[in-house]
There are 2 protein chains.
Amino acid sequence: MSTVIAVETSDVRFPTSRELDGSDAMNPDPDYSAAYVRVVTDSEDGLEGHGFVFTIGRGNDVETAAISALTPYLLGRNAEELLADMGATWKLLAHDSQLRWLGPEKGVMHMAIGAVINALWDLKAKRARLPLWQLLATMTPEELVELVDFRYLTDALTPGEALDILRAAEPGRAERTARLLAEGYPGYTTTPGWLGYSDEKLARLAREAVADGFKQIKLKVGADLADDVRRLQTARAAVGPGIKIAVDANQRWGVAEAIEWITHLASFDIAWVEEPTSPDDILGHAAIARGVAPIPVATGEHVQNRIVFKQMLQADALQVLQIDAARVAGVNENVAILLLAAKFGVRVCPHAGGVGLCEAVQHLSMFDFVAVSGTKEGRMIEFVDHLHEHFVVPIDVHGGCYWPPSAPGGGSEMQGASIAEYTFPDGKFWRDDAQAQAAPGALTEAV
Amino acid sequence: MSTVIAVETSDVRFPTSRELDGSDAMNPDPDYSAAYVRVVTDSEDGLEGHGFVFTIGRGNDVETAAISALTPYLLGRNAEELLADMGATWKLLAHDSQLRWLGPEKGVMHMAIGAVINALWDLKAKRARLPLWQLLATMTPEELVELVDFRYLTDALTPGEALDILRAAEPGRAERTARLLAEGYPGYTTTPGWLGYSDEKLARLAREAVADGFKQIKLKVGADLADDVRRLQTARAAVGPGIKIAVDANQRWGVAEAIEWITHLASFDIAWVEEPTSPDDILGHAAIARGVAPIPVATGEHVQNRIVFKQMLQADALQVLQIDAARVAGVNENVAILLLAAKFGVRVCPHAGGVGLCEAVQHLSMFDFVAVSGTKEGRMIEFVDHLHEHFVVPIDVHGGCYWPPSAPGGGSEMQGASIAEYTFPDGKFWRDDAQAQAAPGALTEAV
């Protein structure tokens, strides 16, 4: 028996905007950040649950405020009870009627619920001495279905259908676990393709990606058509014909503009077009998908919840579903989304990068392979090579693949020293930075 | 020339849950609250801009944190510049790439932008010595179109089409202004219909509503079918056959359940069914609308932005569009939504009630009548009779109508004494309350 005795939040920000890592058509200067939560119990095992919301800088404090609004649900509570029935715990948080008003089920408050839920899963996996993917893959179909809130889903997926999907995958779990450990899970890399990079840097990084074993790279597009054409030529020349190239517009376009723009890029053999327009625009995505077929449309990193994913699938608005570990309300909702994707036969290629998204989301893809869809066909996890050093269990990516973590937990635990250094505005990095900015002759920057 | 010298937020909460005012199938115990913002300049006129996000209690502090995240865009800025081009000011706030990540364009952060934008409109109207509805109705079609962000809208509404709508309404503005002043704008009342009320109270309040001149009342439904049938019988008996009765499920149902439930209520001559399911479920609303036709489907109070409203209209998912003054990003986005509704020929019946929503949203309906749709046909503004005494310019509702405010501003300014009394947790009311709860023998309440 143990009790939750502390729920601690941290506003952690990395100054990534200074290198133009992560720059795209909508996000010119992201400072990759984590609204971080640590759940501490009085158990003698000393295990803690860690989770986060990924943001890109300003507003990270709004997310920590939202996480703090959830602490009354945890503090002083029996930890075993919270962890034993994670479906009930999810509903406890997501169905708070007063907090729900702030969404419902979207944006700051929903993402904060995700951080807390993921922290509890991290703790549950550590207590089980299993990596999260394996913990999930050892749960029975009945237990997994219990994790999902089917409200608003049953016109597309009933509990019975979800159970059928999971039961069908059950006999092959052991064999696929062995395959996963032997083969890894495919990745693709976005490292070469940021808008802020020069053509030389793009070409060099694209060649390195191929040498590293990746079968797909991704380029940011959407700011300037002529630039996009030139950068695609550069990338295609660098990687040769056998490597797939996806493009990502980060929501830059309207419907007609998206179709027109993509038409100009189609000759470069595009693997998919990602986030062509607003993530809220289900009908818009469907129109774009029809307009650019057979090029697949990919989206999901900003899709707010399972209800929008449901409609994207119902409307055939996406052909590649991109889950994100820290956008929806945590593992439970991603289990629902994986089940929806399996029901509709759509492949899942997670969004990652940012801070810790690779570390967290790999567990979901690996669980999906072992226990839900049962396939890696056409599937791969995004890989971006930065900030992994700040995590206690950084990803292991080599030979173009993610290799299954064996350490217990959900992957979201950050190094204590990194948290201390990059806490905003009082960590050492930001204090030093403020001093440097305040020094005579230093550049000052407006918001 | 004046400068913004203060942006002050307040967490104001009214203990409405104790009376079960506002109770419905999804929100059993709302404490109606305002995350309130006051924009102060150094102008000698002493005029201030006031705005708010309406919430129902917990999480109101998350909204004030989100509003605070926007203050760097206002503090120290030239007020005339901010107010002169409200389209540019809207984009300044809504397009901040780092804050946008927290939505995008939805939930806590988007609502906070709405509070700030509405506060600026309040200030702009006060400076013009006009009530907001009249300020908007004196702007040229070109100026009004400039307020709207057409990104993600042009597949349904282009700037040219918006201009055509506004130009077509221009010649009749003076005549309709005169009619509005002479006739008022129709209201309907939700006061009788809260779930927590006894049948006797329901019947009494329903009769009073008719005596007060209302032509429509609304009942909350969705918790228990037998109760709903009995309450509809009670209400119908109380008001007689000539009065419309709408029902509101507050998102309680899935698609099939909604259709089935409404079938059981159809014999009571339902004026509309409101929020039958998730506000994110465009395709679900469309299916329900087909399933319950000819009963109209109404939704909007939780529709997150213009992009979802666009799709609701494209999919014929709603027949009554319910704008809300404090859900989307303020006046600008509501102008976009009014234009979309006009383009699709759908009537607009605003959501109101809460804290200050009546005071704020009436301006938008009145502007719509004068300068956009040009009609009041089938349209009415929700009326709930509580908390108006806290506003500097409370609504004037009598004879079943809203009467146009003549005081300058947007209606969102709360009495200073009310803010002081109900600020959470340090205002007098909540301090006294905490003391009472801490007293020996007092009931304590878990979250």
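**Interface of chain A and chain B, with two residues of chain A**

Me: How many salt bridges does the rule find across the interface of chain A and chain B?

Reply: The model is predicted, with local features requiring pLDDT of at least 70 and side-chain atom pairs pLDDT 80 or more, while totals for chains, interfaces and linings use all residues. Residues are numbered from 1 along each chain as its sequence is written. A salt bridge is a side-chain nitrogen of Lys or Arg within 4 Å of a carboxyl oxygen of Asp or Glu. Under this rule, the number across the interface of chain A and chain B is 6.

Me: Which residue of chain B forms a salt bridge with K106(A)?

Reply: The closest N and O atoms of this salt bridge are 2.8 Å apart. The partner of K106(A) is D280(B).

Me: Which helix gives the largest share of the side of chain A that touches chain B?

Reply: Helices are DSSP runs (H or I, at least four residues) and strands are runs of E (at least two), numbered from the N terminus. Elements of chain A that each supply at least two residues to this side include β3 (48-55), α5 (107-127) and α14 (306-314). The largest share, 5 residues, comes from α14(A).

Me: What is the area buried between chain A and chain B?

Reply: Contact, meaning heavy atoms within 4.5 Å, takes 60 residues from chain A and 60 residues from chain B. Buried area is the accessible area (1.4 Å probe) that two parts lose on being put together, summed over both. Carbon and sulfur atoms give 57% of the area buried here, and the total is about 5100 Å².

Me: Which three residues supply 18% of the area that chain A buries against chain B?

Reply: The contribution of these residues exceeds that of any other three. They are Q98(A), W101(A) and L102(A).

Me: Is R306(A) buried or exposed?

Reply: R306(A) lies in helix α14 of chain A and touches, among others, E105(A), D149(A) and E333(A), residues up to four places away in sequence not being counted. Buried means under 20% relative accessible area, exposed over 50%, and partly exposed in between (1.4 Å probe, protein chains only). Because its relative accessible area is 1%, R306(A) is buried.

Me: How far apart in space are P186(A) and M380(A), C-alpha to C-alpha?

Reply: P186(A) belongs to strand β4 (residues 185-193) of chain A and counts as partly exposed because its relative accessibility is 25%. Its contacts, leaving out residues up to four places away in sequence, include M380(A) and C401(A). Although 194 residues separate P186(A) and M380(A) in sequence, their C-alpha distance is 4.7 Å.

Methods: Chains are lettered from A and ligands numbered from 1 in the order in which they are written. Side-chain values use heavy atoms; hydrogens and water are left out.
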